[in-house]
Structures are given as C-alpha cells and as structure tokens.
Amino acid sequence: MSRFPRLAATLATACAAFGAMAPETATAQDVDLHTLRWFVHVDLIDAGAGRDLAFWEAAIDQATTTGNKLLEGGQGPFDNICCTRMNRTVSVATFGTPGDGLDIIDSAAETAAIDALAVPSSNAYLVDSITNCGGSPAVGCAETPFCDGNGNDDPNRWLIVTVDSFESGTLGTVLAHERGHNACLNHVAANACQIMQATVTNPGLGGCFTASECTNMQAGRTTTSSGLTCGCHTLAGANEPDGTACTDVASGVCSGGVCGVSTGDAAVQLITSAATGSASSSGTTDDAVRISALPADWTELGPFAATSEEIKGMAYAFDSDVLYGVVPTAADDAIVTLDKTTGAILATVGAIANGADEITSMAYDPGATSATTDDRLIVLEVGGSSEFRSIDPASPSTATFLGSLLVGPATEFRGLAYDSIQDKLFMSSNFGPDGLWEVDIANCPPSPCNIAQVSGAGLFRAQAGLAYSPVSGRLYMVGTGFGGTRTFVQSIDTTTFASPEVYNVDPFFPGALAALPEPSTASGVLAGAGLLLALARRRRGTP
C-alpha cells in the first residue's frame with residue numbers, strides 16, 4: 001500500500017481534471033467491427049481451480065481489449081493505425097463433450113471438426129493447445145480466405161486460440177493475429193512488430209500493420225454499421241494529438257491513437273535517448289524519441305544537439321517542470337537541461353569532474369519538504385568503482401557519495417527511477433529472472449547499498465531505461481530483446497510489479513528514459529506541472 005494514500009487519491013482527481021481540459025475530438029472514423037461468438041471447450045471448465053466459465057469470459061474480454069489496442073493504436077513509424085475492433089455480443093458458451101479430444105487440436109481432422117460446428121456468424125474457440133495447424137504446432141489457428149476487397153460479404157469464419165497463449169500473456173496478440181487471418185492476411189517477416197509475424201514471442205504485443213493489411217482487415221468486418229467511432233483517429237486516418245479528450249472511457253484522453261483513462265498510462269508521455277533505425281544490439285543514443293505510454297506509439301524528435309551529443313541519464317523534476325540529462329565526456333560528465341518538446345539540449349548547468357568514470361543513469365527525488373534544498377538527482381556512476389551519488393539541481397557540479405553498488409557488471413544497470421509516492425528507488429537491468437531491483441538508498445551509507453531483485457517475472461531487458469510518473473503512479477521500462485532486434489515498452493505496477501501488456505514496437509536502440517505528464521500542449525503541460533507542484537507540497541506536509 002502507498003505510504004501516501006491521500007496523495008495518490010488527490011493526484012488521480014487532479015490529473016483527471018487537467019486531462020479533461022483538452023478539447024473534444026470534432027470528427028472521427030467509423031469503426032469496422034468484427035463481432036465474434038465465443039466458445040470454450042467443456043474440458044477447460046474447472047470450477048474447483050477457479051477456472052469456471054465466468055473466469056474464461058473475463059480472460060477473453062481482457063484479450064479482446066488488448067487486441068483492440070494493437071489494431072487501433074500505433075507502435076512506431078512503420079505502423080499504420082487501423083480503425084477496426086473486435087467484440088462479442090452474447091455470453092461465452094461451451095462446446096464439445098467431455099473427453100472428445102477437441103480440447104487439444106492435433107490433426108487436420110480435428111480442425112475440420114471445428115469448421116463443421118457451423119454455428120452462424122464468425123466464431124472463436126478456446127482450446128487447451130494446438131499441436132497441428134496446417135502441419136505445425138501453434139498457439140492459434142484460423143480459416144484464411146482469399147482477399148477480394150468486399151467487406152461483409154462472407155463474415156462467417158472460425159478461429160482457434162489456446163490456453164497456452166493465455167498463460168504466456170500473448171492471448172490478445174494471438175486473437176488479433178488469427179482474426180487477421182480471417183480477414184485474408186498471411187504471415188509476414190518484414191518487421192519485428194508486425195501483428196502477422198509467423199512467430200508470436202513472449203512478450204509479443206506487436207500490432208504493426210501495413211496500409212494494405214489495414215484495408216483488408218477493415219474489409220473483413222462482420223458489421224457494416226457499428227455505430228462506433230475511433231475517437232482518437234481523424235477522418236484523414238491520423239492520430240488525434242495525445243492529450244485530446246475522448247469519450248470511449250470516462251474522462252478519457254488520447255494516447256497513440258487509442259482512448260485511455262486520464263489518470264493512467266494515457267496521461268503519460270515518455271522521452272528516451274535512442275539510436276533510431278537500428279535493429280542491432282548497440283548504438284549511439286544521440287536522438288530524442290517521444291513515446292505515447294499507452295500503446296507505445298513513438299516518434300523521432302531529432303538529435304539532442306548538432307554535435308551528436310549522447311544522453312546517458314535522464315530525469316524529470318515534476319515539481320519544477322525541468323527535464324535533466326547527462327552528457328558523458330572524457331574528462332567530466334555534463335549535467336544539461338532538455339527541451340521537453342524537441343529533446344534539444346537547452347543549457348549545460350553543471351559539470352561533474354569524474355574523469356574516466358561515467359554516470360550511466362539518473363532519477364529525481366523531490367525531497368521531503370517544499371524547499372528546494374532537499375531536492376536531488378540520484379545517479380549511478382560506474383568506472384573504477386560503482387557508486388550511487390547525489391547531485392543538487394541548484395548547483396549540479398558536485399556529486400556527493402551515497403553508497404557503493406557491489407552487484408555487477410554495473411554497466412548493465414541502465415535505468416534508475418525514484419517512486420516519489422512510496423519513497424523507493426528502483427534500477428533496471430538485463431539480469432534475470434526479474435531484471436528490476438530495489439535499492440535501500442535510505443540506508444546508504446554505510447556502504448555498500450543493499451539491493452534486491454523484486455518479484456516481477458519478465459522484467460529483464462537489455463539496455464533497459466527506467467522512469468517513474470507520479471501522474472499514473474507507475475514505472476515505465478524501455479529495453480531490447482532477441483539480440484537487439486526487438487524493442488519493448490511496458491508499464492509496471494510499483495506494488496505488485498505486474499506488467500500485463502508489453503508492447504513490441506517498431507525497433508530502435510534505447511537509452512535513458514524520463515516520464516512526463518500529458519497533455520502535451522503548452523497550456524496543458526503548464527497546468528499539469530502546477531497541479532503536480534501543489535500535490536508535491538501536500539505530500540511534503542507544507543501548505
């Protein structure tokens with residue numbers, strides 16, 4: 001539980017207020033809707049294990065919501081947003097008889113048996129596993145017609161998804177992928193984030209579409225007039241600006257082409273240093289990239305400076321509305337301020353004389369009072385030794401020793417984030433099995449600092465930047481996997497460390513990370529910063 005529950009509640013209320021200041025969307029595209037009738041094999045019903053029909057119905061609904069974010073939202077420059085969704089209009093039912101073998105699809109005959117069920121409308125079936133879909137094991141299987149470009153002319157299709165995909169956290173991706181097959185889409189291998197990749201990875205929430213794939217997906221709808229609109233798409237097929245109000249959810253705001261609650265991920269934008277256009281495991285992180293935190297759509301803002309300066313650490317001081325960065329050099333590390341809109345270096349405000357040592361990550365602690373005297377930038381410096389240090393933002397040319405880091409190699413700890421509501425410091429790394437660490441910074445010194453991996457499976461990433469947002473009360477991680485060929489963006493609960501939706505985006509090589517509030521218009525940011533400053537003072541017990 002948060003140490004500051006009243007602050008968290010007030011913060012949520014205030015953020016909803018400034019999210020609602022954005023103008024309503026004037027126009028929007030109509031949704032091409034894929035309505036599915038859902039069936040769960042009877043042998044999957046196990047009330048004693050908590051997996052009754054209501055359990056599976058909830059899992060299916062959550063997977064549909066996740067799949068719709070992938071279809072409708074963006075995941076980087078390669079992607080095309082697509083105004084199409086899936087839904088169900090009737091309760092989930094069971095199919096089959098106990099012991100009939102259709103809970104495990106292991107032959108073409110059993111696939112044909114699913115096809116022969118012939119329930120009117122497009123149908124989705126949940127089974128335990130699939131060992132034979134066209135001769136190969138799979139986590140999903142679907143009927144794939146030829147493309148004819150005629151929408152709604154033969155919507156009665158079948159698809160099969162599995163408990164295997166549910167347990168691996170990819171059911172939403174698999175569902176959207178298999179419905180893509182129903183809409184005549186075939187497997188591709190061009191881009192790692194495409195939803196029609198032949199292999200679904202874990203994590204695997206990639207939703208990238210080409211323009212033609214979106215056209216065919218929309219034409220494969222089952223409903224010609226859904227009465228729904230994509231409130232975060234313009235009629236021209238572009239994203240409404242992040243922070244624009246939307247009505248798909250209560251007090252909703254747009255983020256990356258989808259509508260989310262104004263107190264959650266949709267209220268957050270991420271800024272990262274990156275090497276764009278890179279699908280390798282290395283790069284020079286001298287470009288600024290902006291990421292919509294909800295579906296992880298990203299845009300390259302441009303270089304930090306004309307001289308290709310690389311940013312290694314980054315932190316956002318929410319109570320002063322200042323974005324800080326670290327530029328490492330051979331003799332010292334420069335502390336700079338960054339433009340929140342363009343990422344450009346605004347000024348060098350300090351220099352840490354650390355020679356060959358290098359600051360690799362940074363976090364912001366607003367301190368316990370409303371005075372600026374206890375504000376600090378916490379950094380990790382690696383080299384001859386690996387040490388946590390504190391920098392005063394008011395005079396950032398001195399780094400005060402806090403304690404040593406004895407776990408290593410320390411260069412693999414790329415992210416640092418300070419949860420200002422719970423007063424906790426976190427680090428990210430590619431060390432399994434969890435990859436997220438908590439630092440007992442309050443008891444440093446004496447040196448060394450005590451650190452421990454938190455219990456959050458699937459949080460290890462290479463080059464993992466880490467940031468915290470007091471707007472949503474969540475951690476954000478951006479890192480790579482599969483030898484740098486895939487880039488992942490995820491939102492993490494700071495108490496349970498759950499991260500149910502990990503977005504596999506159009507790849508780039510990430511570095512430092514900071515979390516800023518939405519909306520991104522000048523007036524919205526100023527209003528949000530003012531509210532956060534007032535809340536920070538309440539948190540510190542000062543009027």
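Student: Where is the place of Ser 121?
Tutor: Ser 121 lies in the loop between α3 (108-115) and β7 (123-127). Helices here are DSSP runs of H or I with at least four residues, strands are E runs of at least two, and both are numbered from the N terminus. This is a predicted model, where local features need pLDDT of at least 70, side-chain atom pairs count only at pLDDT 80 or more, and totals for chains, interfaces and linings use all residues. Residues are numbered from 1 along each chain as its sequence is written, and side-chain values use heavy atoms, with hydrogens and water left out.

Student: And what is phi of Ser 121 near?
Tutor: Phi of Ser 121 is near 90°, a positive value in a residue other than glycine. Ser 121 is partly exposed, at 24% relative accessible area. For these words, buried means under 20%, exposed means over 50%, and partly exposed is in between, with a 1.4 Å probe and protein chains only.

Student: What about Phe 497, buried or exposed?
Tutor: Phe 497 is buried, with a relative accessible area of 10%. Phe 497 also has a positive phi, about 65°, although it is not a glycine.

Student: Let's switch to rings. How many aromatic pairs are there in the whole structure?
Tutor: A search of the whole structure finds 12. Rings of Phe, Tyr and Trp (its six-membered ring) pair if their centres lie within 6.5 Å; planes under 30 degrees apart are stacked, over 60 edge-to-face, and the rest tilted.
One of the pairs is Trp 56 with Phe 166, edge-to-face at 5.3 Å centre to centre and 70° between the planes.

Student: Why does the pair tie together parts that are 110 residues apart in sequence?
Tutor: Because Trp 56 lies in helix α2 (residues 53-72) and Phe 166 in helix α4 (residues 163-167). Trp 56 is buried, at 2% relative accessible area, while Phe 166 counts as partly exposed at 25%.

Student: Which residue forms an aromatic pair with Phe 497?
Tutor: Phe 426 does, in an edge-to-face pair with 5.8 Å centre to centre and 70° between the planes. Phe 426 is in strand β28 (residues 424-428) and Phe 497 in the loop between β33 (486-493) and β34 (502-505), so the two are 71 residues apart and the pair links distant parts of the chain. Both Phe 426 and Phe 497 are buried.

Student: Which residues do ring pairs link into a cluster?
Tutor: Phe 39, Phe 95 and Tyr 125.

Student: OK, sheets. What order do the strands of the open sheet of 4 have?
Tutor: The order is β23-β24-β25-β26, with antiparallel pairing. Two strands pair if DSSP finds at least two bridges between them. β23 (358-365) and β26 (399-404) stand at the edges with a single partner strand each, so one side of each has no neighbour in the sheet.

Student: Over how many bridges do β23 and β24 pair?
Tutor: Strand β24 (residues 376-382) pairs with β23 over 7 bridges, in the antiparallel sense. Ser 361 stands opposite Leu 380 in β24.

Student: Last topic: which element gives the most to the lining of the largest pocket?
Tutor: That is α2, with 7 residues. The lining has 22 residues, of which Thr 65, Asn 68, Lys 69, Val 249 and Cys 259 lie nearest the pocket's centre. A pocket, on a 1 Å grid over the protein atoms alone, is an open set of points where a 1.4 Å probe fits, with protein on both sides within 12 Å along at least five of seven lines; lining residues have an atom within 4 Å of a point.
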